[in-house]
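Please keep the structure in view while reading, and look up each residue as it is named.

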Amino acid sequence: MERPEMTHNDWKWKIGEAITRIQTRYDFIGRKTGVPFLAVVYPVSAEVAVLREWHTQARALQPDIDVKTVDVLTVTQSVLSDIGVDNVVESLTDREWGVSAQEDLSRLWVSAIADEVRLRMTEESSGKPVLSIEHISALYPASGPWDVMQSLWNDAELSLDCPVIVLIPGALTGPRHYRFLDRRDEFMYRGDLL
């Protein structure tokens with residue numbers, strides 16, 4: 001399929017393309033690079049509309065394909081609740097420990113997301129499973145999509161045997177580069193990038 005000229009609504013084309021790939025190339029998503037990631041990068045300002053459209057089209061895939069959501073916002077809120085928001089804020093604003101605290105928070109969040117992915121992958125599916133990682137902006141500034149994908153790829157206990165769609169608010173800056181939340185440049189060397 002030839003990619004049309006992109007406009008401010010190119011995210012609609014990207015969602016349609018992701019759905020088409022899931023339907024017609026399920027076993028081949030990201031396989032050239034060794035991992036089944038398909039990242040869909042869309043404008044930060046369109047997040048609500050993107051998620052609404054993604055959920056509508058993903059539901060239409062049932063019963064043949066079962067899209068399971070990993071809500072990063074819910075995961076990060078759970079971690080914050082466990083360790084205490086006040087403790088996190090105090091640690092992050094401490095000049096002596098701020099950078100270390102941010103790295104620790106990143107590790108906690110990414111680990112909790114990997115746990116959630118493991119859980120979702122063990123759930124029974126009504127059709128072929130697909131994982132959808134959403135609300136990934138909740139990781140900023142401590143972490144980003146690259147950290148999550150790298151962790152999932154490196155996790156020896158996790159066999160990614162289904163497509164993993166990663167919805168990333170930001171902008172494409174090159175064939176394998178994107179700017180997460182228009183603030184943090186990241187490189188995606190594994191998986192497919194729309």
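Predicted model: local features only at pLDDT ≥ 70, side-chain atom pairs only at ≥ 80, totals over all residues.

**Salt bridges and their surroundings**

Lys-14 and Asp-10 are four residues apart in helix H1 (residues 10-24), so about one helical turn separates them.

- Lys-14 and Asp-10 form a salt bridge, in which the closest N and O atoms are 3.8 Å apart.
- Lys-14 counts as buried because its relative accessibility is 3%, which falls under 20%, and Asp-10, at 14% relative accessibility, counts as buried too.
- In helix H5 (residues 98-122), Asp-104 and Arg-107 are three residues apart and are therefore separated by about one helical turn.
- The side chains of Asp-104 and Arg-107 meet in a salt bridge, with a distance of 2.3 Å from N to O.
- Asp-104 is partly exposed, with a relative accessible area of 34%, whereas Arg-107 is exposed, because its relative accessible area of 51% is over 50%.

- Asp-155 counts as buried at 13% relative accessibility, while Arg-118, with a relative accessible area of 23%, is partly exposed.

*A network and the total*

- Glu-17, Arg-21 and Asp-192 are linked together in a network of salt bridges.
- Counted with a limit of 4 Å between a side-chain nitrogen of Lys or Arg and a carboxyl oxygen of Asp or Glu, the model has 10 salt bridges.
- As a general point, side chains of opposite charge can pair when their charged atoms come close.

**Pockets**

*The largest pocket*

- The largest pocket has a volume of about 230 Å³, and it is lined by 12 residues, of which Glu-17, Arg-21, Arg-25, Phe-28 and Asp-192 are the closest to its centre.
- Glu-17, Arg-21 and Asp-192, which are linked in the network of salt bridges, are therefore among the residues closest to the centre of this pocket.
- Helix H1 gives the most to the lining of the largest pocket, with four residues.
- Sorted by class, the lining of the largest pocket has six charged residues, three polar ones and three nonpolar ones.

*The second largest pocket*

- About 160 Å³ of space lies in the second largest pocket, which has 13 lining residues, with Arg-107, Val-110, Ser-111, Asp-147 and Ser-151 nearest its centre.
- Arg-107, one of these residues, is also the partner of Asp-104 in a salt bridge.
- Helices H5 and H6 each supply at least two residues of this lining, and H5 gives the most, with seven.
- The lining of the second largest pocket is made up of five polar, five charged and three nonpolar residues.

- Where is empty space left in a model? Rolling a probe the size of a water molecule over the atoms shows this.
- Phe-187 lies in strand E6 (residues 184-187) and is partly exposed, with a relative accessible area of 37%.

**A buried residue in a strand**

- Is Ser-132 buried or exposed? Ser-132, which lies in strand E3 (residues 128-134), is buried, because its relative accessible area is 0% and thus under 20%.
- Ser-132 and Pro-163 are 31 residues apart along the chain, and their C-alpha atoms are separated by 8.5 Å.

Notes:
Residues numbered from 1 in each chain as written. Heavy atoms only, no water. Buried < 20%, exposed > 50% of the residue type's maximum accessible area, 1.4 Å probe, protein only. 1 Å grid on protein atoms, 1.4 Å probe; cavity = no way out; pocket = protein on both sides within 12 Å on 5 of 7 lines; lining within 4 Å. Points joined across faces, edges and corners; volume = space filled by probe spheres on them. Nonpolar A, V, L, I, M, F, W, Y, C, P; charged D, E, K, R; others polar.
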